[in-house]
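Biologist: Could you take me through this model by way of a few questions on helices, buried positions and charged pairs?

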Amino acid sequence: MSSYTSPIREPLVTGHKTYHQITEDLVSPTEKAPNGAWILGFLISVSLLAFGLFCIAWTIWHGIGTWNLNRTIGWGWDITNFVWWIGIGHAGTLISAILLLFRQKWRTGVNRAAEAMTIFAVLCAALFPGIHVGRAWVVFYFFPYPNTRGPLWPNFNSPLLWDLFAISTYFTVSLLFWYTGLVPDFATVRDRAKGLRRKIYNFLSFGWTGSAKHWQRWESISLVLAGIATPLVLSVHTIVSFDFATSVIPGWHTTIFPPYFVAGAIFSGFAMVLTLMIITRKILNLQDYITLAHIESMNKVILVTGTIVGVAYLTELFIAWYSGYVYEQFAFFNRALGPYWWSYFGMMFCNVLSPQIFWWKKFRRNIALTFFISIVINIGMWFERFVIIATTLARDYLPSSWSYYTPTWVEIGIFTGTIGLFFTLYLLFTRVAPVVAIAEIKSILKSSGDQYTGPNAIHHHDHGHSHASHEDDHHAHEGVSHTEESSKVVNKPLMTVVKDDLKKLEGIGPKISETLNAAGIMSFEELMNTPTETLQSILDNASGNFGGNSPESWPEQAKLAFEGKWDELKDLQDRLDGGKY
């Protein structure tokens, strides 16, 4: 079934790709030796991870006293980093699920990286509560098991325990959603592999054959999981915000925290997806699949969510002033003008001011600037979590208990270790699975490939009364053939091989085929460019009795047949040029 595509919509797949080229481009990173950029990134990531593991071992061996937590500030870098990683993780699945539910085609370039980001970010986040309990060897108290130790969960009403169930549920659904999308691509890798590698990918693909029933079930489960994941994102970060909002501490005890945290999570998650996308497209040479159109769309979302976060900041300030509650007012005065003023204004600049540059299209489409701003936003969202936690706790009700918090090298090391873990897992992922969904890219090629749509289109399909139809009419009147256009990409000798078998078209038998050949119509291309009136005249004037045959559908049939032949010949030309034969 055809669908209308706006003539001004920018192509999402560039480079005039064939289906074979898409498979080659996206699977080859899993088959070839990694390039120098990947190796350098992996070495840096593994080094950071190794240092982080050393700091975790140091903490467990010497105790939480190696951190700079004190009697006033019991939550420091650990919970700041926990909330930061959870925020990044929550947006990944939400981006993919929302765009799937709304049938957005530009999802295909970003969904796989976003979903993988969720899995790895949640793993990084889970480290911090596990260490922060102090006695990491009894962390199993978090989980339900036969109760032989008296009142096991005396504080079951605490949002901290809700976190465990909410985040584990979200992680499970995200993992299923991510893996479901990978199954068809694992099957593609399997079909190109040999030996043990083929057996491994055969196991991972669950016997996928690509049958209609498999695709139907795959699409159904994808929609179901997307529908479950979307409200889960809202509920999980709402529960994380309850860790603060259900307390009685000024600056925390506020009802704006749930939507405030959700908006911040989406904002920081989109920024991290952009960071990953730009690194990935550079290292794996995926510029034809992660295009400027994808990056511009992401920047538009960052602009909107950044503005929402800015409104939340201003709302907090207004409510603190309007409430007349002196302790709440002091909490916000202290954030802006107290000893942590630098983190507050850093948060405001990074999260509210810096995204406003994306009001201008030339900046939304600037790769280097986008990468820089995405890093700035990640830093700003970390500042936000630090401002909420450290500045609020540093000055409580009693001036005698006021304190100042700075992290030790151990805390900084654990945080850098989680960054190393995140990028190590992501880089390994790019080596074992296509980082852009092959099946989904192929599904949008005919409607979003630059050879079919956009100013440089060389194929034209009928989409109702689409722009392509008018272009076809224009070429027909001017006598411009598809062969002349396609010769820009495919060598002429392949396009003029032999005459086509016109009998493949409905309504044309051997006698009519001979009659058309005698009139000089030898190929699908010549037939599709011949007006219906001319064809009818040829039949009427032929010696046979063909007057009752209607040639009205023949040009359209010939056009479809020619385009199919053109695709095959272009693929053959690509293989010849690449030395495949």
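Biologist: In this predicted model, which residues are exposed on the other side of α21?

Modeller: Helix α21 covers residues 532-541, and its buried residues are Leu535, Ile538 and Leu539. Seen down the helix axis, these fall within an arc of 95°, so they line one face of α21. On the other side of α21, the exposed residues are Glu533 and Asn541.

Biologist: Is Thr59 buried or exposed?

Modeller: Thr59 belongs to helix α2, which comprises residues 36-62. Beyond its neighbours within four places in sequence, Thr59 is in contact with residues including Trp67, Ile131 and Val410. Its relative accessible area is 4%, and because buried means under 20%, Thr59 counts as buried.

Biologist: How many residues apart are Arg112 and Asp185, whose side chains meet in a salt bridge?

Modeller: The N to O distance in this salt bridge is 3.0 Å, and each partner is buried, with Arg112 at 1% relative accessibility and Asp185 also at 1%. The pair links distant parts of the chain, since Arg112 lies in helix α4 and Asp185 in helix α5, and the separation is 73 residues.

Biologist: Which residues are linked with Glu296 in a network of salt bridges?

Modeller: The side chains of Glu296 and Arg364 meet in a salt bridge at 3.1 Å, N to O, joining helix α9 to helix α12. Glu296 is buried at 7% relative accessibility, and Arg364 is buried at 12%. The residues linked with Glu296 in the network are Arg364 and Arg365.

Notes
Residues are numbered from 1 along each chain as its sequence is written. This is a predicted model: local features need pLDDT of at least 70, side-chain atom pairs count only at pLDDT 80 or more; totals for chains, interfaces and linings use all residues. Side-chain values use heavy atoms; hydrogens and water are left out. Buried means under 20% relative accessible area, exposed over 50%, partly exposed in between (1.4 Å probe, protein chains only). Helices (H or I, at least four residues) and strands (E, at least two) are DSSP runs, numbered from the N terminus. The arc is that of the directions from the helix axis to the C-beta atoms. Contact means heavy atoms within 4.5 Å. A salt bridge is a side-chain nitrogen of Lys or Arg within 4 Å of a carboxyl oxygen of Asp or Glu.
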